[in-house]
Amino acid sequence: MTDEREMTPDQQDPQQDHLPQSAGHGAPGPTQDLAHAEADPFADPGLPAHQPRRTDIDERAARRAERQVASLFTISALATVAFCVAYFAIPKEDALTLPLFGDVNAQTFAFGVTLGAALFCLGAGAIHWARTLMTDEEIAEERHPLRSPEPDRQAAIARFEQGVEESGIARRPLIRRSLLGALGVLALPAVVVLRDLGPLPEKKLRRTAWADEEHRQLVNHNTGEPIKAEDVTVGSMLFAHPKGIDPDDLDEMAKSAVLLVRLEPDDIKNQREKDWGHEGIVCFSKICTHVGCPVGLYEQTTHHLLCPCHQSTFDMTDGGKVVFGPAARSLPQLAITVDTDGYLTARGDFAEPVGPSFWERG
Ligand code: FES
């Protein structure tokens, strides 16, 4: 950037002859204008002469503008703090009625108003600062090659430092501090809303209702009746949940949901799977180990179990091993047996967390 008004004619770069010339210094007079216009009807008229603003000549006006800018930055900071207060103070379910908009969520409305006010006041303060207190002399900007020669680079640094000086940020600590304060607290909402990523699941996914003695019996998910081993036929698949759990407790229903398949015992390749089953009846978690969809498409001929979400495929004859798709680990198996009346029961809880692999590492 070059302010050509500060250059004497002998300092002018010959390559800049075509650039606009400032009218601030050495501007042509009316007679010269006329002669120039006749010689070149498209001549650059140059920049208008600089008109000093009130804040340039009146120190009291400058101080008033400074206070106005600082007030806007301070209001911005207060609005940002109000955003954080609204996050904690306004219940998520509260609503309020607004003309034209009807019922709106009170917390969302408060977020919009406070963050909007914070950003508006920050922008308005910056504009007011620039229009009233920073230097406003127009300059002609030179086009440079992509990398400027070293002297130009040094000149640019000098001009930048001059700009910093002219902005008055060093001389006006009130503006500097209020701006830094407003920018600093603007980071707070980003930190505060991180709270919405929680709460952490802790160890809740490591335990299901199957761990409790009174819930061990398997209940048919469709009929609500206990399941007799002799009623499960080869090739069939049943969905089940623990006896006696609250059907409205969706967390527990989801964690403990299982599926039962009866295979020919000789088809089972995995010895542990065979040991944890009962006469070919095997029981696995119904929750896919990819991202937790319920698996449920059973292919009788291949004994593959397919998750409809992303096509992870589990081999029911080989410990629920993944044979295709994005799931990273086998379906957890539930060890089962029968009680004295021949009803299927769990021997205990799953040996590993059910659901997406992430929880296994949690
Ligand atoms: Fe089952 Fe993605 S959730 S494959």
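I looked up the open sheet of 4 strands with the order β3-β4-β5-β6 and found its pairing to be antiparallel, where strands are DSSP runs (E, at least two residues) numbered from the N terminus, and two strands count as paired if DSSP finds at least two bridges between them. In this predicted model, local features need pLDDT of at least 70, side-chain atom pairs count only at pLDDT 80 or more, and totals for chains, interfaces and linings use all residues. Residues are numbered from 1 along each chain as its sequence is written.

I then noted the edges of that sheet, which are β3 (218-220) and β6 (281-285), each pairing on one side only. The twist from one strand to the next averages 40°, with axes taken as lines fitted to C-alpha atoms and angles running from 0 to 180 degrees between N-to-C directions.

For the contact of β6 with its neighbour, I found that strand β5 (residues 258-262) pairs with β6 over 5 bridges in the antiparallel sense. Within this pair I looked up Leu260, and its bridge partner in β6 is Cys283.

I turned next to the open sheet of 4 strands ordered β7-β8-β9-β10, where the pairing is antiparallel. Here the edge strands, each with pairing on one side only, are β7 (297-299) and β10 (321-324). I recorded an average twist of 35° from one strand to the next.

Inside this sheet, I checked strand β8 (residues 304-306) against strand β9 (residues 313-315), and the two run antiparallel and are joined by 3 bridges.
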